[in-house]
Amino acid sequence: MVTSVMIMLFLHGLDYVLSNDTTSWSRIEMHELYGQEDIDSLFLGASHVYSGINPTIADTVWGQNTFNCSTSAQRIDTSYLLLKEANQVADIDTCYLEVSVIGVTRGLEDGRLQEACRVADYLRPSWNKFTYLLAAIQPRDYINAFCRARRNWKSVYSLRTMKETVCQKWTAAYQNYEYVKVKSGDYAGKGFIRFKEEFKNVGDKVRLPIKENLLNEEFRYYFEKIVQYCEENNIRLVCFSAPLPEYTLESFGNYDEYYMQMKKLCEENNTSFFDFNLTNPDIYNIQDTDFRDLTHLNEVGAERFTKVFADFFAGNIEEKELFYASYEEKKEQLPKRFIGLVMRRDESGEFCKIRSVTTKKDKYKFEVYYEDENGECTLLQEKSRNRKIALPSAEKVNIKVCVYDSRDNEVGSFNKSV
């Protein structure tokens, strides 16, 4: 017994001097979670949720205590873990689970140690935590999972690093769980992260078409466990998809493939599903300025989205008024708009393929230039509908594409290294 206590104290001491978590959002979020006496509504999901749902606004509209228990790159098994943990802390009435086209395809084997420990490091010792780590972590990583100091062992070689870590942990801010601001975001309480940046469409991100069999078996397995847990504990489960920029949705090319698959899964499990990418623009108009990048809402966007989200679930907005039956149906009501380009090399590496991202089809023409190391531009293609451009022989090529509509009006200019 004495030996075990000595080992635990030793490991705790190593963790204190080697592991610098002074800017960790999860540390403060889990501390706040354990301080909740009662949670009426719980939000679960990845970064779409912690940057998109502001619990303070939901509290005001619903007259409840809500908590945003989302974390970076949260996988479905971690959502299951946190649902059980939160319900043990405070009796949950409703769980809002965010499911996204990106999240349902993410395998559980990639990046498991980092993602799992981001949350588990700050959970209280329990059978829930122990079984989660055993299932989530590969046996080769057990030592790193259960001994955080081992993950940071290289700090042993730097007395300066250890001194900085200890000094930061001795501050009142750290001991009182006050958030230290960093450039990547501002922790605003109850799991909500506030971002100031404003996203501008530049067409520099490639999204692959959505597959027919999109939902992997690991996702299905843990999704059904969440459904079962909610049924056994009288928790109302609601699934939703957070809004994405038009560019991201259009670059998939077939977003309804995801929507239909997720809707079917929820129907099979007697669970409601609402996709906020299918909203009526007259009630909730998703704007580029609401986002900080290609997938995440900023502070302004989170405020607009949370108000609509809360009003809808409060019964202030009718479902048939807010949602279209499909994304294609919504697009039919949208004005024609050129959004951006998807540009990438083909398999041979000798050509660049161009695909326009737009709400309505048009006969676009592309004028393409090659920019060399000195910034000088060479014309590769005059205005043409050709979408397969021969590239100069180089590992990386900077190209500029000017886009013209069927009336020869320039609708956009895009630069990218391919």
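## Contacts and overall make-up

Of the contacts in this protein with a separation of 6 or more, 73% are between residues 24 or more positions apart, where a contact means heavy atoms within 4.5 Å. The protein has 418 residues, and 52% of them count as buried; buried is under 20% relative accessible area, exposed is over 50% and partly exposed is in between, with a 1.4 Å probe and protein chains only. The secondary structure comes to 17 helices and 14 strands. These are DSSP runs numbered from the N terminus, with helices (H or I) of at least four residues and strands (E) of at least two.

A word on the ground rules: this is a predicted model, so local features need pLDDT of at least 70 and side-chain atom pairs count only at pLDDT 80 or more, while totals for chains, interfaces and linings use all residues. Residues are numbered from 1 along each chain as its sequence is written, and side-chain values use heavy atoms, with hydrogens and water left out.

## The parallel sheet

Five strands make an open sheet in the order S2-S1-S3-S6-S7, and the pairing is parallel. Strands count as paired if DSSP finds at least two bridges between them. At the edges sit strand S2 (66-68) and strand S7 (272-275), each pairing on one side only. From one strand to the next, the twist averages 20°. Angles here run from 0 to 180 degrees between N-to-C directions, and the axes are lines fitted to C-alpha atoms, for helices over the stretch in contact.

Inside this sheet, strand S1 (residues 41-44) and strand S3 (residues 94-98) run parallel and are joined by four bridges. Phe-43 has Tyr-96 as its bridge partner in S3. Helix H12 (residues 217-232) lies across S3 and strand S6 (236-241), and runs at about 145° to S6.

## Two helix pairs

Two packed helices are described by the angle between their axes and the distance between the axes. For helix H4 (residues 55-62) and helix H15 (residues 299-313), the angle is about 30° and the axes are 9 Å apart. That makes H4 roughly parallel to H15; the cut-offs are under 35 degrees for roughly parallel, over 145 for roughly antiparallel, 65 to 115 for roughly perpendicular, and oblique for the rest. Their crossing is right-handed, meaning that the near helix is turned clockwise from the far one by less than a right angle. On the H4 side, Ile-57, Ala-58, Val-61 and Trp-62 meet Glu-303, Thr-306, Lys-307, Phe-309, Ala-310, Asp-311 and Phe-313 of H15. By class, this contact has seven nonpolar, one polar and three charged residues. Nonpolar covers Ala, Val, Leu, Ile, Met, Phe, Trp, Tyr, Cys and Pro, charged covers Asp, Glu, Lys and Arg, and the others, Gly among them, are polar.

Helix H2 (residues 25-34) and helix H5 (residues 76-89) also have axes 9 Å apart, but pack at about 40°. H2 and H5 are therefore oblique to each other. Met-30, Leu-33 and Tyr-34 of H2 make the contact with Leu-82, Glu-85, Ala-86 and Val-89 of H5. That splits into six nonpolar, no polar and one charged.

## Phe-309 up close

Phe-309 sits in helix H15 and is buried, with a relative accessible area of 1%. Leaving out residues up to four places away in sequence, Phe-309 touches Phe-43, Ile-53, Trp-62, Tyr-96, Phe-240 and Phe-276. Phe-309 and Ala-58 are 251 residues apart along the chain, yet their C-alpha atoms are separated by 8.2 Å.

## The antiparallel strands

Another open sheet has four strands in the order S11-S10-S13-S14, with antiparallel pairing. Strand S11 (377-384) and strand S14 (410-417) stand at the edges with a single partner strand each, so one side of each is left without a neighbour in the sheet. Neighbouring strands of this sheet are turned by 15° against each other on average, direction ignored. Strand S10 (residues 365-371) pairs with S11 over five bridges, and Val-368 has Gln-381 as its bridge partner in S11.

Then there's the hairpin of S8 and S9, which has five residues between the strands and a positive phi of about 80° at Gly-349 in the turn. Strand S8 (residues 338-345) and strand S9 (residues 351-358) run antiparallel, joined by seven bridges, and Arg-344 stands opposite Lys-353 in S9. S9 also pairs with strand S12 (residues 388-390) in the antiparallel sense, over three bridges; there, Cys-352 has Ile-389 as its bridge partner.
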